[in-house]
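Let's take a walk through a protein together and look at the spaces inside it. Please open the sequence and the 3D view before reading on.

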Amino acid sequence: MGNGTENREQWGSRLGFIMAAAGSAVGLGNIWRFPYITGVNGGAAFVLVYFAIVFTIGISVMLAEFVIGRNAGLNAVGAFQKIKGGAWPVVGWMGVIAGFMILSFYGVIAGWTIAYMIKSVSGLMTLAAAGKAGDAFGAFVTNPVQVIAYQVVFMAITIWIVYKGVGEGIEKYCKIMMPALFVILLILIVRSVTLPGASKGLEFYLRPDFSKLTGASIFAALGQGFFSLSLGMGCMITYGSYLNKKEILPSAAVTVTFLDTMVAFLAGFAIFPAVFAFGIEPGAGPGLTFVTLPNVFAKMPGGMIFSFLFFLLLFFAALTSSVSLLEVCVAYFKDQMGWSRTKASWLLGGVITALGVPSAISLGGNLKIAGKDFLDVMDWGSSNFLLPLGGIFISLFVGWVWLDGAKAEATNEGKHPFSWMTAWIWICRVVAPVAIAWIFVKGLKW
Ligand code: TRP
């Protein structure tokens, strides 16, 4: 068995690590999923609940993952093995399996972003102007050859970045793509909020109406927070394992959580004012991005450019997340099985791409398991089952099983005490496990 702790790769700088971890967190979850979930759940009141959850439970589980990862300096499985052993490595195992599952369908949807960048400048605007954006989307996702081709292209880029390594691949490209993403987002916001009629969208997004809040929306906020912060599968354990011992972990958790939440919040400013300005339904569901927005862009002066920029933004966001999903799997095979990075990246990336093919085909409507599309099954199984279960065990591990070790690691052996340590510990001990168990039990309903 290889031991990854000697000569282990490390992040080149604090900024590089923050960009990579924020890159993992900021993804399709923020720009594609957050706005439509907010739309479906009634707007501003949901956003407030989301913030409350993310800055209590989310931030605490993220810190727990950083602490475990840096202490062990190993992948998700190896970290639990090294710190405690027993049955705990099973938590890491579930994470690696979740990595395979999530990336398999994530790569399919991410592939759409490449297709839509190309479509934006080759006729999508004309189709949308003629009211055919929905038909065009339907025709596209039910054409397996196209969907798989774009998925393969996206996965090849993901694999290539991971193959280049932690510093020369993941860190380097996240440091380029994350600032670019931010600039594009700002351009889109300025365009959106200056459209005539934008204020109705701002009102929907910013004026809370608590009567719209239901148990189901709180549940949705928890699930969304978990997925958006990349928690529960050892992603932040793996990224934390490449950190040096001087890094201050609580402030890193605050920064990454803040950046992720800010991008999700800002994505709403790019989308809702435009959607309302053109009189489109905000609760349109998953199609909000690929169907509704092209309609919006088609009606704007210079829409082709804004449409292209939007899908480029989505592409960058997806890519910096997909590399983190693949890295969880690669780190495991590298550390525990002694595989080279090259072999692990290409082989595992290839397997995951193949695993995504049923998801890609299922959108044609004829690959169902118990009445659900294969893609939904993968999403459901990971988001409602493996991630929350992983989150519960990670919190309990830090809160009860390995408390003194976790405290020492979180404070750099007492050199950097942090003000919210007591809150962190009690959230890990009680609040997070109970809240997540609730997602788990509710989510199990098929
Ligand atoms: N957080 C990413 C997003 O918002 C997706 C993601 C990347 C993820 N790594 C993860 C989700 C690990 C759960 C676990 O799109």
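What follows is a tour of the ligand, its surroundings and the cavities.

A few ground rules come first. This is a predicted model, in which local features need pLDDT of at least 70 and side-chain atom pairs count only at pLDDT 80 or more, while totals for chains, interfaces and linings use all residues. Residues are numbered from 1 along each chain as its sequence is written, and side-chain values use heavy atoms, with hydrogens and water left out.

Start at the ligand. It is surrounded by 17 residues, and the closest are Ala25, Gly29, Tyr106, Phe227 and Ser230 (a residue counts as near if one of its heavy atoms lies within 4 Å of the molecule). Which atoms make polar contacts here, meaning pairs of N or O atoms within 3.5 Å? An N or O atom in the side chain of Tyr106 is 2.6 Å from an oxygen atom of the ligand. A polar backbone atom of Ala25 is 3.0 Å from an oxygen atom of the ligand. Ser228 places a backbone N or O atom 3.1 Å from a nitrogen atom of the ligand. Taken alone, the ligand exposes 360 Å², and the protein buries 100% of that (areas come from the Shrake-Rupley method with a 1.4 Å probe).

Next, look at the helices, which are DSSP runs of H or I with at least four residues, numbered from the N terminus. Those that give two or more residues to the shell around the ligand are α1 (14-25), α2 (28-40), α11 (215-228) and α15 (303-337). By class, this shell has nine nonpolar, eight polar and no charged residues; Gly counts as polar in this scheme.

A cavity is a set of points, on a 1 Å grid over the protein atoms alone, where a 1.4 Å probe fits but cannot get out, and its lining residues have an atom within 4 Å of a point. How many cavities of 30 Å³ or more are found in the whole structure? The search finds two.

Two or more lining residues come from each of α9 (166-193), α13 (249-277) and α14 (287-298). By class, the lining of the second largest cavity has eight nonpolar, one polar and one charged residues.

How values were computed:
A polar contact is a pair of N or O atoms within 3.5 Å; within protein, one must be able to donate a hydrogen and the other to accept it, and residues adjacent in sequence count only if both atoms are side-chain atoms. On a 1 Å grid over the protein atoms alone, a cavity is a set of points where a 1.4 Å probe fits but cannot get out, and a pocket is an open set with protein on both sides within 12 Å along at least five of seven lines; lining residues have an atom within 4 Å of a point. Grid points are joined across faces, edges and corners, and a volume is the space filled by probe spheres set on the points.
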